[in-house]
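Please look over the sequence and the model first.

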Amino acid sequence: MLMLNLKKFQEAAEVRDELKSWLLDKAFPIWWEQGADHALGGFHEKIDQSGQAVNLLRRGRVQPRQIYSFAIAKEMGWTGPALQAVRHGLDFLLTYYPLPAGGYRTLVAPGGAPADDFISLYDQAFILFALASAHRVLGREAGLEARAVELRDWLRSSRAHPRAGFEETAPPTLPLKSNPHMHLFEASLAWVEAGGDGHWQTMADEIAELALTRFIDPRTGVLREYFDADWKPIPGDEGRLFEPGHQFEWAWLLLRWGQAKGRQDAMDAAFRLIAIGETHGIDPVRGVAFNSLFDDFTVHDFQARLWPQTERIKAGVLAASLTGNADYWRMASAGARGLMKYFSNAVPGIWWDRLNPDNSFVAEAAPATSLYHIVCAAHELDVWIEKAIRP
């Protein structure tokens, strides 16, 4: 049994080495050289399959995701201009996206001209997350903590839901969604770990309780996506959907929170989310996670995007590290092998985003937003493997 467990860990370590090398040698260079707009500022939305940037309107979620990715690039040992890339993204984000009354707009043109002043809860979560990531590598003198507190407090004052969590829009519209709350949870935990004030822990605790009492169905254990104004699943098929990628991603966050808070109920819910994702959400033929299923565990969308594969890695490696169960190392390795299928491009360092049921990829440009997912998974794998090797 000891040899079997060691073999599963060694497989995870080997795939970690491959994934880390791909990032350091191929992905970070091209997403800085081509993915950053060195003339007008900020980061491009996509790089096409010939390796050239696609000049599109710039979404509010792309800039913070790239800021995070290059902050982690430095931590992972990239020798390129990681801090320059972080500042490059911050300058564009903090210059062109803030709105006078509070919050950050969702879209600007290349060069920064406003294109859409809608405020997306999802985007605000990523801005908070990016500010925490940049704060960690740039330090307090950058003044990013005050920016984050200002945005957090604005969300509290303008978007708080009367029961718990946050409204999607102002005035409120339906459906309410669990996904933006997941990223607010992620951002809150990032600020807790960065030494932020106690209100970050309060926000994390509130979202964790919302997940445990409302998002996760007590009968099936699945985490739902869409809700009515009372945080009940909306009628019809949308209310029955769950996504394997989000099962894994929420599990990773709840394991972190539950471990820190001593909450066994959160840990148990997280392990159940993982079990559901692994049992029902993985295509045994392609070896990848489906996009979505219904709550009776039948597949809703057989296509497989890149990002759910990264969340499988994160959940697997943390579960392995917390439990010592080598089967979770196998899960992390399988997730990484599934992920690396998406790197079969002619141009090193970019990816395919969508895998069809027939195992072909949709021919389209690589979205910049996926770098965040890949980097987060690779970093998590790297950190926990190193802790296992050198505790």
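R312 is buried, and E278 is buried as well. Buried means under 20% relative accessible area, exposed means over 50%, and partly exposed lies in between (1.4 Å probe, protein chains only). The side chains of R312 and E278 meet in a salt bridge at 2.6 Å, N to O. R312 lies in helix α11 and E278 in helix α10 (residues 264-280), so the pair ties together parts 34 residues apart in sequence.

The model is predicted: local features need pLDDT of at least 70 and side-chain atom pairs count only at pLDDT 80 or more, while totals for chains, interfaces and linings use all residues. Residues are numbered from 1 along each chain as its sequence is written, and side-chain values use heavy atoms, with hydrogens and water left out.

**Helix α11**

Helices (H or I, at least four residues) and strands (E, at least two) are DSSP runs, numbered from the N terminus. Helix α11 covers residues 307-323. Of its 17 residues, 14 are buried, so the helix is largely enclosed by the rest of the structure.

**Salt bridges**

How many salt bridges does the structure hold? There are 32. A salt bridge is a side-chain nitrogen of Lys or Arg within 4 Å of a carboxyl oxygen of Asp or Glu. Three of these pairs are listed here.

| Pair | N to O distance |
|---|---|
| R163 and D230 | 3.4 Å |
| D265 and R263 | 2.8 Å |
| R312 and E278 | 2.6 Å |

R163 and D230 link distant parts of the chain, 67 residues apart. R163 sits in the loop between α5 (144-159) and β6 (176-177). D230 sits in the loop between β7 (226-227) and α8 (237-240). R163 counts as exposed at 54% relative accessibility, and D230 is partly exposed at 31%. R263 is partly exposed at 23%.

A network of salt bridges links R16, D17, K20, D382, E386 and R390. R16 is found in helix α1 (residues 2-33). R16 is buried, with a relative accessible area of 9%. Its side chain makes a polar contact with the side chain of E386 at 3.0 Å. A polar contact is a pair of N or O atoms within 3.5 Å; within protein, one must be able to donate a hydrogen and the other to accept it, and residues adjacent in sequence count only if both atoms are side-chain atoms. Leaving aside neighbours within four places in sequence, R16 is in contact (heavy atoms within 4.5 Å) with L381, D382, I385, E386 and I389.

Strands β8, β11 and β12 form an open antiparallel sheet in the order β8-β11-β12. Its edge strands, β8 (241-242) and β12 (299-301), each pair on one side only. Two strands pair if DSSP finds at least two bridges between them. β8 and β11 (residues 292-294) pair over two bridges, and L241 has F294 as its bridge partner in β11.

Another open antiparallel sheet runs in the order β2-β1-β15. Here β2 (53-54) and β15 (366-367) are the edge strands. β1 (residues 46-47) pairs with β15 over two bridges. The bridge partner of I47 in β15 is A366.

Key. Expected span 1.5 Å × (residues − 1).
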